[in-house]
Amino acid sequence: MSVPGDPAYPEPESCRGTMSTEEDVKWLQWVTHQFETIAGEDREIDLQHFKTALNVKESFFAERFFTLFDSDGSGTITPQELKEALTLLIHGDPMDKLKFLFQVYDVIIRSNGCAGQGESAGTEWGPGTGRHSASSPLGTGSGSIDPDELRTVLQSCLRESSISLPEEKLDQLTLALFESADKDCSGAITFEELRDELQHFPGVIENLTISAAHWLTAPTARPRPRPRRPRRLTSAYWRNHRSQLLCLAAYAGLHVLLFALAASAHRALGASVMVAKGCGQCLNFDCSFIAVLMLRRCLTWLRATWLAQVLPLDQNVQFHQLMGYVAVGLSLVHTVAHVVNFALQAQSDASPFRFWELLLTTRPGIGWVHGSASPTGVALLLLLLLMFFCSSSCVRRSGHFEVFYWTHLSYLPMWLLLILHGPNFWKWLLVPGILFFLEKAIGLVVSHMAALCIVEVNLLPSKVTHLVIKRPPLFHYRPGDYLYLNIPTIARYEWHPFTISSAPEQKDIIWLHIRSQGQWTNRLYESFKASDPEGCGPKRLSRTLRMRRNQRRAQVSEMSSENHQFCNIKCYIDGPYGTPTRRIFASEHAVLIGAGIGITPFASILQSIMHRHQKRKHVCPSCQHSWVDGVQDEDMKLHKVDFIWINRDQRSFEWFVSLLTKLEMAQAEETQEGCFLELHMYMTSALGKNDMKAIGLQMALDLLAKKEKKDSITGLQTRTQPGRPDWSKVFQKVAAERKGKVQVFFCGSPALAKVLKGHCDQFSFRFFQENF
C-alpha cells in the first residue's frame, strides 16, 4: 500500500501553485534568506549552487531558468536579479509567464543534438533589459522553436515526470505538438503560434506558474500540513458511522457497569482493592471477547446475513486493536492498584509477609490455584507488554512481520495464565474459546487437506510477484475476498494474507499479486528472480505443454516476459474470507479507489462486474443491436462504476494494464448512452499542465491520445492524468451524475483514507475501507 507522500497524500495549501499576497511576501523573504545562505559573502550564486537549490531531477530546466534569471549575462545571479525575476513571474500577467515559457523552449541545438548557446533574439523577457548574453549557459535561441528544439525540451519533460517512452514515441509526441502549433507550416513555432495553441487548453495560461511550491522549495523546507481538527458529529458523519458509534457506546457502557458491580462488591476492602477488582472484571471480558473479533470464518458468514447492516463488521480489526489498547491500560491500572494494596498490607503489623513476597511468590496464598495470582499476574503483564510493543506499526510495517506474528501467538499461554490467575475467567472464555478453537481446527484441517500447486509466476515491475495457483474444486469465493497463503519452501510455519485478484468466474485458477514489502514477500520475489525455482527445472517444457493443453488458459496469464515462469511448487491456502467489498454488488453507484497495489481487490471485482454485466446484455439476431436489461437482479444492482487508480510511477500500471484493456474493449461494444464502467488513471510523479516544466509534454500527450485513440503512457484508451486527483471535483462529478446511492470503496494508505472519509461525509456517501 501506499504511505504519506505517496499517491494521494494531500499537498499543503501553500504548495499548490497559487499563493495569497501574505504568503507571497513571506515566501519572497524566505527565498532571499535561503539565497543569501547559499551565496555567501560575494552575494552571488553560480549555476552549480542554483541547481542544488532547485532540487529538480532534470538539469535542463535549472540551466534554462538560470540563463533567464541572469539578466546581465554575468554567469551568476544576484539577490536582486532573483527577487525581480520571481516577483515578475508571481505577480505578472499570463503573457509574462507565457513569454518566459517560450524562452525556456527556445534553445539552440548543436550538431550533436544537445542544447547549446546562442544569441538572444526575438521575443524579450526579463526584469531588466530582457536580453541574456550568449556567455551564460544554454543561451536563448532564434526567437522561434523548431522540431529539434521542441524534442529536446519534451525529452527533458519526460525525465522530470519520470516517464519512460521509446524514441519513436517521443518523435510522435514532438510532431503531434509541433504540427498542431505550426499553423502556417513554416517549420518553426513563433510566440504567437504557441500562445494560440495554448488557447485550446482552457485554464492552462491562467494557472501557469513557476511558484516555489513547484520547483524551488526543497522538500524538507515545505510547510507541513496543518493538524486536523476533530470531526464534528454532523448528520452525515452519524449516517456513515452510526453502527461504530453505537458499538463504542455499548462497549463503554458495559465497562462502566462491570467496573461498578465488581468495585461495589469489594468496597469493604478499600479503594485500591475496589479499583483492582473493577479493572479485573473488565479484563475478563476484554481478554476473552477480543478473540471473537478475529474469527474470520464467523465474520465472513455474518456478512451474508442481515447483521452485516447492523454490526460494524468492516471495523473488526480496529475494534480488536482498541480492545488491545484498553486491555493494556486496564492491566497497568489493575497492577498498580494491587501494588498499592500490597504495600499497605506489608506496612501493617498484622501481615506476616513482606512486600516482595506478596508481589512475587505463592506463599501468601492469593488466588484460587495454589496461591498463584501474584506470579501469574506479573507474567501476564510482561507477556501483554511484549505483545503490545511488537504489534506496533513500526514493527509490522518495517519488514519485521515475523516478530509481530510469533509474539502474537503468546495469546495461548496468556489464556492459560489467566485461567490460573482469575477464578472466574474460564467462565468468560468458555464460549469464545470454543468458537476460536473450532475455527482454528477447521481452518487447519481444510488448509492441509490437500497441497495445492503454484503453476505459474510472473515477476512484475516494482517487485510485485504474480502467482497463479491451481484452484481446488471446492474453493468458492466472492470478488474482493482474501486468503492466507503458506509456501513451505519460503517459510514452513508462516501464513500471510493476500487479496485474491482473479474473478470467481475463472474456474481453474486463483491469482495473487504480492508486493514485496517485508522479509517473507522479499524472499518470495527473490526466490523466483535468482534462479529457476524448485519444480521448474527437469521436464519443464513437457510440463508447460501439458498445462497448456489441460487448462483453459484464456485468462490465466496477463504478462508475457522473460520474468514469466511455469512451475509446480507446493503451497497451502486458508480461506476465503470476506471483506467490505462484498457490498459493491448491492450498490447503485460504486466508486472504487485503489492506490498502488491497492488495486488488487478491485481487479477481481472489475472482472466479475463485467462478467455479470455481459450476462444482462442481449443482442438482436437480426440487426446485431445490443442492449442491457434495465431491471436489476439480486446478483448485481449496479447502474454505474467509477474506477480510480493512483500510481506513483509509470511501470506500476503494467501490473493490470492487460486486464484494463480487456475491460475497455468490452465497454467499446456498448451502444447505450454513457459508460457503465469508467476508468480514471492518475500518475503522481508526472507534473501537471500548470507546471512550466511539463506543460508542453502534457499538451503533446493530449494531442497524440486524441489522434491515436490511446494513452501513450499505459496504452489504454483512458488518458492518464498527471498528479493527484482533485477529490472535491471528483466527488462533485459523481454526485452530479445521479446514478443512485453512491458508495465509495477504498484500498490504500491510511493517510488517503482520512481524506476520502472527509469528502464522503461532506457528500453523504457511504465509505468502506479494505481491512484485514
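Student: Which residue in strand 8 is the bridge partner of Ile-454?
Tutor: The partner is Ile-569. The model is predicted, so local features need pLDDT of at least 70 and side-chain atom pairs pLDDT 80 or more, while totals for chains, interfaces and linings use all residues. Residues are numbered from 1 along each chain as its sequence is written, and side-chain values use heavy atoms, without hydrogens and water.

Student: How do you know that strand 3 and strand 8 pair?
Tutor: Pairing takes at least two bridges found by DSSP. Strand 3 (residues 452-460) and strand 8 (residues 564-577) share 6 bridges in the antiparallel sense, so they qualify as a pair.

Student: Why is one side of strand 6 and of strand 7 left without a neighbour in the sheet?
Tutor: The open antiparallel sheet has 6 strands in the order 6-5-8-3-4-7. Strand 6 (496-499) and strand 7 (509-515) each have a single partner strand, because they stand at the edges. Neighbouring strands are turned by 40° against each other on average, direction ignored.

Student: Which strands does helix 21 lie across?
Tutor: Helix 21 (residues 519-530) lies across strands 3, 4, 5, 6, 7 and 8, at about 80° to strand 4. Helix 13 (residues 296-303) lies across strand 5 and strand 8, at about 75° to strand 8.

Student: What does Leu-660 touch?
Tutor: Contact means heavy atoms within 4.5 Å. Beyond residues up to four places away in sequence, Leu-660 touches Leu-606, Phe-643, Trp-645, Leu-679, Met-681 and Leu-716.

Definitions and conventions
Helix = DSSP H or I, 4+ residues; strand = E, 2+ residues; numbered from the N terminus. Axes fitted to C-alpha atoms, helices over the stretch in contact; angles between N-to-C directions.
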